[in-house]
Amino acid sequence: MPGQWGDPDTELEDYVRWSITNNDRFALEVVENLSRLPVPISVFITDDRFLGLQNAYPVVIDALTEIYHPVVEGLDYPLRVGTPYREVLLTGGIGCAKTYTAVLGMLYGVYLLSCLRNPHALFGLDANSEIVFLFQSIRFETGGVAYKLAREIVDGSTYFTKHFPKNSKVKNEVQLPFNIVLRQVSGDPTAAIGMNVVSVCLDEMSFMRFHKKSVYADDGGAFDQARVLYSSTRSRIDSRFSKLGRCLIPMFCAGSARHQDDFIQGKIHQHQELEAQGIDSGIYVYRRTIWEVKPWEYPSGDIFRVFKGKGSTPPQIVGLDSPLYESEHVVDVPVELKASFLSQPINIALRDICGIPSSEFGNFVVEVEKVKSRFDRRIMFTTDSCTFQGDDLPKVWKTFLETARTDRVWFCHLDLSRTTDCTGMAFGYVDKWVHNRPQMVIEGILEVPPMPGYVVPWDAIIYFIFRASKRIPIYGVSADQVGYHYLAEQLPQWGFKIAKISDTPNSEIFHKFLTTLVEDDVSIAHHQKTVDELLALTVDEKTGKVTKPAGGSKDCIDAVVGLVELLKIAPRHLHDLGWWPTPYIPEMEKNADGSFRVVGGKPMYALPGA
């Protein structure tokens, strides 16, 4: 019967006929190498002749069936020896069977190879070389729970103990006929060097290491463990087992939802963008909740609604009387889970229970609305970001120049970066003193993203400060330790004062900044990127360290926090214009590409002995 699994010979003949009609050379080459027709994955998982997992979650079997046996127009039997997908992304809430699905998908890939007469010949490999199914995760010592689960399933299955038995003498990995190996390796980027990797299970990807400055990075910049491991194994699979642009077995990338910018979510966004353009991404997305995987554990059928958070409105449980109840940004949750939502921060519950990654709200800022209300001024710049490349320079509102507080001492803080992160800039001053506390105003915030193939032009940033100083009295500039050394080379000879403002190991200046916001001692220009970065910050309750979410950023909020700290620690007399000697502003000329350069040499007092 069409659409059902019938006589194997009939199915194979139908598949070959369809492959010839559609000129599918990959399918024909695979079929020619078959020694027997593979059973569908649902049979492989549940039948006692194979894995015998009769209690496997139906939603998992359905997903794997979509991956390995998608319905194909013109093919009566949904048989596909291989898969149209290069990658499977598994995400969602805790307990939604991500690792379990990946492991079963990997083992079915082993089974497919076992149905070939000569898998090495199909891919042009030496018959004595290994074909490796790799298990890799965040842990340095092992391949994580995925490998342990795979080994337990193999040890308990009929197929891998009788029909395609492993080498029982080998204990540290699973060695099977045809030199097929299931191997666990560490999360080190070099752990898979030299291996013929046919598929990989990259587990716990959302929790992998991300360091802004690392010796592991080629240029000493950011090190993203998830991205490095993905790139390394993807290239190994493509170079050895991609045939005619197709793969027999996909790779599996698993990770709980954490943040919109983590690796898994970034890949999902890439998939969605390609699909929206009508381009086949080759990616299958498995995204489930625990109640979809285990519906029998939520028998009441009753639900409550949670607003996921959007724009200036934070996530919240909503009732029938709420205008948000019918919003498109709500999720229906079984009522059995309501106590879990009430016992922890709602953004954490959304992430861990519903598998909805946090986009705006971390756990550092508690009084969200009060904090957001401090970003209440019109920003001095006409755009939120610029590259400082050519004529893409900051532009200031004319109305700002007409009303700028030129009777105040202005300061600037730079969170400088070169290639991997954005540079953040913030400009402001102390407006007045109330009860001996400075009342600060941050008028300007600017993001400077690096352009591909270029470094952030620090000199151009300094030249902008020179030009801006002709209209507003910018006298002091600060940066962190690395940036401070650069400032020391560029600014003191012109009469500017410089300072070093660095974050302490326990992020003390972030905690002080939050107090300043809550106490209403600062008014900040509205810059959406800065607001988003602030609200996404997470604090480690044990160490007090304030960090950005995995894959996120905090360059602009770093600049603002650094500036507020500078304004607070500067002695009161430094905020008096009468105290300062006026800096010497060098002459600037515009280049043909729109950028600027300094002309006319240095002032006399900048020369040795002056």
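**Reading a helix pair and its strands**

Reply: Start with contacts. Trp-458, Asp-459, Ile-462 and Phe-466 of helix 16 touch Tyr-486, Leu-487 and Gln-490 of helix 17. Keep in mind that this is a predicted model.

Me: At what angle do helix 16 and helix 17 pack, and how far apart are their axes?

Reply: Helix 16 (residues 458-468) packs against helix 17 at about 55°. Their axes lie 12 Å apart.

Me: Why are helix 16 and helix 17 called oblique to each other?

Reply: Look at the cut-offs. Angles under 35 degrees are roughly parallel, over 145 roughly antiparallel, and 65 to 115 roughly perpendicular; the rest are oblique. Helix 16 and helix 17 are therefore oblique to each other.

Me: Is the crossing of helix 16 and helix 17 left-handed or right-handed?

Reply: Helix 16 crosses helix 17 in the right-handed sense.

Me: Now the strands. How many residues of strand 16 are buried?

Reply: Six of six, across residues 474-479, so "buried" here means under 20% relative accessible area. Strand 16 is mostly covered.

Me: Which strands pair with strand 16?

Reply: Check the bridges. Strand 13 (residues 410-415) runs parallel to strand 16, joined by five bridges. There, His-413 sits opposite Ser-478 of strand 16. Strand 17 (residues 497-500) also runs parallel to strand 16, with four bridges. Ala-479 has Lys-500 in strand 17 as its bridge partner.

Me: How does the chain get from strand 16 to strand 17?

Reply: Through helix 17 (residues 481-490). This β-α-β crossover is right-handed.

How values were computed: Residues numbered from 1 in each chain as written. Predicted model: local features only at pLDDT ≥ 70, side-chain atom pairs only at ≥ 80, totals over all residues. Heavy atoms only, no water. Buried < 20%, exposed > 50% of the residue type's maximum accessible area, 1.4 Å probe, protein only. Helix = DSSP H or I, 4+ residues; strand = E, 2+ residues; numbered from the N terminus. Pairing = 2+ DSSP bridges. Right-handed = clockwise from strand over helix to strand, strands pointing away. Axes fitted to C-alpha atoms, helices over the stretch in contact; angles between N-to-C directions. Left-handed = near helix turned anticlockwise from the far one by under 90°. Contact = heavy atoms within 4.5 Å.
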